[in-house]
Amino acid sequence: MVNAGDMNGSGNLMDFLDEPFPDVGTYEDFHTIDWLREKSRDTDRHRKITSKSKESIWEFIKSLLDAWSGWVVMLLIGLLAGTLAGVIDLAVDWMTDLKEGVCLSAFWYSHEQCCWTSNETTFDDRDKCPQWQKWSELLVSQSEGASAYILNYFLYIMWALCFAFLAVSLVRVFAPYACGSGIPEIKTILSGFIIRGYLGKWTLLIKTVTLVLVVSSGLSLGKEGPLVHVACCCGNFFSSLFSKYSKNEGKRREVLSAAAAAGVSVAFGAPIGGVLFSLEEVSYYFPLKTLWRSFFAALVAAFTLRSINPFGNSRLVLFYVEYHTPWYMAELFPFILLGVFGGLWGTLFIRCNIAWCRRRKTTRLGKYPVLEVIVITAITAIIAYPNPYTRRSTSELISELFNDCGALESSQLCDYINDPNMTRPVDDIPDRPAGPGVYTAMWQLALALVFKIVITIFTFGMKIPSGLFIPSMAVGAMAGRMVGIGVEQLAYHHHDWIIFRNWCRPGADCVTPGLYAMVGAAACLGGVTRMTVSLVVIMFELTGGLEYIVPLMAAAVTSKWVADAFGKEGIYEAHIHLNGYPFLDVKDEFTHRTLATDVMRPRRGEAPLSVLTQDSMTVEDVETLIKETDYNGFPVVVSKDSERLIGFAQRRELILAIKNARQRQDGVVSNSIVYFTEEPPELPPNSPHPLKLRRILNLSPFTVTDHTPMETVVDIFRKLGLRQCLVTRSGRLLGIITKKDVLRHMAQMANQDPESIMFN
């Protein structure tokens, strides 16, 4: 942020800093970037390329390549994210079925693929074919009976434990950052925080492999959140290949915002929803250019996944549905009730999960992550197997709950009593009385709902990749389907009631229980994450139900209102605060009447501020100051008496500059004077060479007066992405406010523990 004139050497003294040296402008791990500085550096780089492009054809071609590099990165991210998502979907499909049996004709086929390829499969028994054998048939040649059931049960648990143990071991040994959802950390990184290795190549590889293992193990988690992390790892890898992004942390975050959109695009087959998710939920800085590039990356990712066709239905998702009945105004009441349920479930889940995660962090439980995963997996497998709705994969469960009951459905949920005289088209079956299969399915779903609610609280946050989208949707879909069946039976048996009389005649197809499942899924996901616009768009892209936008909107808004009444934080913000990351949420409001002087350091009774003077300190003085303090940088003043502010020097750049000067510049010794002015100071004869460090000095640090309201200071930090801000009065330095100070003050004002903010 220093202009060209400020960078020139003076006299015949060599200012070695005219040449860039390694690592200048980079940041230390677990520190926040300076957004203004990164923006300024990118503007300087762009100006230089533009001026050079007029010099020769080659420079002009280089400028074109630089302009196109962003689109190339987006293309590569989309291709790799789409390919990885397709591979994960296929592998999960196979390994989930592996817990129950194996295909004899080709062991790498899932149950469905195995029976597709068989010529002996009938429509009525489409799940049974001689090529697919359960483990009991293969090992003891029995498919029915108690011994066969016990053997299958035992092997189901063993496979689940094997997958989970392998996953947690890989994460512990090779990539500790591959655990969890990844979205809280992605949000923090996009706000300008540095977590080295979090988006590294090892994290990408291990997260992809272990994601397949944990989803296949049957644990109550999804792959959608971790796919955002995987896509961001792809974005980080490709941005490191282009100096435009690898050398500028601000530009890199634009790429990561677009990568997050591609991740949601392939997770749900929702390109537009992905872009809106990135904008609404994870991104901190989202210029219009990033919006276009996010759209392109999401498009390429969705196209790649569609080309792989992992579900074999020419759709991007497993649960694509088509309903044939419109919804009616009277149904808004149960939809809003589902929204209330979603908000209450979201609140319950966040509070219980955060309490459990805090217990994990503060007690001995956290020292045994492998044991915790094994115990939770064993409990999940033992309870899940007897219930057909918890035994299958959660995605298949949601798919069945969303489905409309057609004439060809064999599910228990579609076991209605048919009228033998019915001659209706296949897709317009009237409401019918529930048969015994529906009542059995209802109590099994009720048990599955309670189990899912409890087990998800303990599963999310373990040291394995774990997404929350699918379990939340499953909870809502189960509740919604049960409400839907209840409304359907009420309408059938009491069609003369005033609320049904106008729109539900006898023999008509009035109520679609699958629609209630879809609305319930949206409500519960909204209650947990507090998404609104992006959630509704993801849901209608996910299901193809464009006609049902109003019920989805009503449920999403209701769930957010209800959940916000108990606490403003969504699950990701709650985990950010639990981990002590320095995340300044745009949604947080600061309404307290405090001033900058109340927050700045040094406070009354503390040691004075550590500063550098413009031309009176030696190299040894500067090195001693760096060694004795751990501050990120130091204000530079005219002298310690006047304390008139000149600028601000970053700690890391001071260290690098002095180290390079000692190696490359003759005559620089410990008692050399360090100066930040244009001209060297007057020195006695035979003095050692002075060291000019004006190039690393920020001559325009952001300053506020001591009477600036904290409301304004918080806004400045939030909108400009500052690391620190200096407090002055009439040009005289009084103190400094860092991002950490702002966050701690906000926590204190909200009656929270200010010491929970751990990083700079």
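1. Two strands count as paired here if DSSP finds at least two bridges between them. By that criterion strand β7 (residues 673-675) pairs with β8 in the parallel sense, over 2 bridges. Within this pair, Y675 stands opposite K692 in β8. The model is a predicted one.

2. β7 and β8 belong to an open sheet of 3 strands, ordered β4-β7-β8, with mixed pairing. Its edges are β4 (617-618) and β8 (691-692), each of which pairs on one side only.

3. Strand β5 (residues 633-637) has two pairings to note. Strand β3 (residues 612-613) runs parallel to β5 and is joined to it by 2 bridges; L612 stands opposite V636 in β5. With strand β6 (residues 645-650), β5 pairs in the antiparallel sense over 5 bridges, and here G633 stands opposite Q650 in β6.

4. β5 is also mostly covered, with 5 of its 5 residues buried. In a regular strand the side chains alternate between the two faces of the sheet. For β5, one side carries G633, P635 and V637 and the other F634 and V636; all are buried, and both faces are therefore covered, buried meaning under 20% relative accessible area.

5. Helix α8 (residues 224-239) has 16 residues. From first C-alpha to last, α8 reaches 23 Å, close to the 22 Å expected at 1.5 Å a residue. Like β5, helix α8 is described as mostly covered: 15 of the 16 residues in α8 are buried.

Methods. Residues are numbered from 1 along each chain as its sequence is written. This is a predicted model: local features need pLDDT of at least 70, side-chain atom pairs count only at pLDDT 80 or more; totals for chains, interfaces and linings use all residues. Side-chain values use heavy atoms; hydrogens and water are left out. Helices (H or I, at least four residues) and strands (E, at least two) are DSSP runs, numbered from the N terminus. The expected span of a helix is 1.5 Å times one less than its number of residues. Buried means under 20% relative accessible area, exposed over 50%, partly exposed in between (1.4 Å probe, protein chains only).
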